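Here's a quick look around one model, starting with a residue and its neighbours and ending with some rings and a pocket.

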Amino acid sequence: MNNDEWSRYATTMLKVELTRADIGYDELIRRLAEIDVEESYKGLSAKINRGTFSFVFFVQCMKALGINEVRL
């Protein structure tokens, strides 16, 4: 896979987990704030839709969603 394909894969994984949890961006922002991760709606949306987020951000999102295990 090239980098664009990896970015799409990462975005899809995060969006799938958000959908499974029935959580939108506003709720994710609130939950991230609870673990001291500050994100604006615009910034969060851009990161997720571009797929240009770090693994650290992905792990923070999983923690905020209460997900302890992810299958690749």
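Leaving aside residues up to four places away in sequence, Glu39 touches Ile29, Leu32, Leu44, Lys47 and Phe57 (contact means heavy atoms within 4.5 Å). Glu39 sits in the loop between α2 (25-34) and α3 (41-50). Its side chain also makes a polar contact with the side chain of Lys47, at 2.6 Å.

Bear in mind that this is a predicted model, where local features need pLDDT of at least 70, side-chain atom pairs count only at pLDDT 80 or more, and totals for chains, interfaces and linings use all residues. Residues are numbered from 1 along each chain as its sequence is written, and side-chain values use heavy atoms, with hydrogens and water left out.

Now the rings. The whole structure holds 5 aromatic pairs (ring centres within 6.5 Å; planes under 30 degrees apart are stacked, over 60 edge-to-face, the rest tilted).

Ring pairs tie Phe53, Phe55, Phe57 and Phe58 into a cluster. Phe58 is buried at 9% relative accessible area, whereas Phe55 is exposed at 64% (buried is under 20%, exposed over 50%, partly exposed in between, with a 1.4 Å probe and protein chains only). Phe53 is buried too.On definitions, a polar contact is an N or O pair within 3.5 Å, one able to donate a hydrogen and the other to accept it.

The largest pocket (an open set of 1 Å grid points fitting a 1.4 Å probe, with protein on both sides within 12 Å along at least five of seven lines) has Phe53, Phe55 and Phe58 among its lining residues, which have an atom within 4 Å of a point.

Conventions
Helix = DSSP H or I, 4+ residues; strand = E, 2+ residues; numbered from the N terminus. Phe/Tyr/Trp six-rings, centres within 6.5 Å; stacked < 30°, edge-to-face > 60°.
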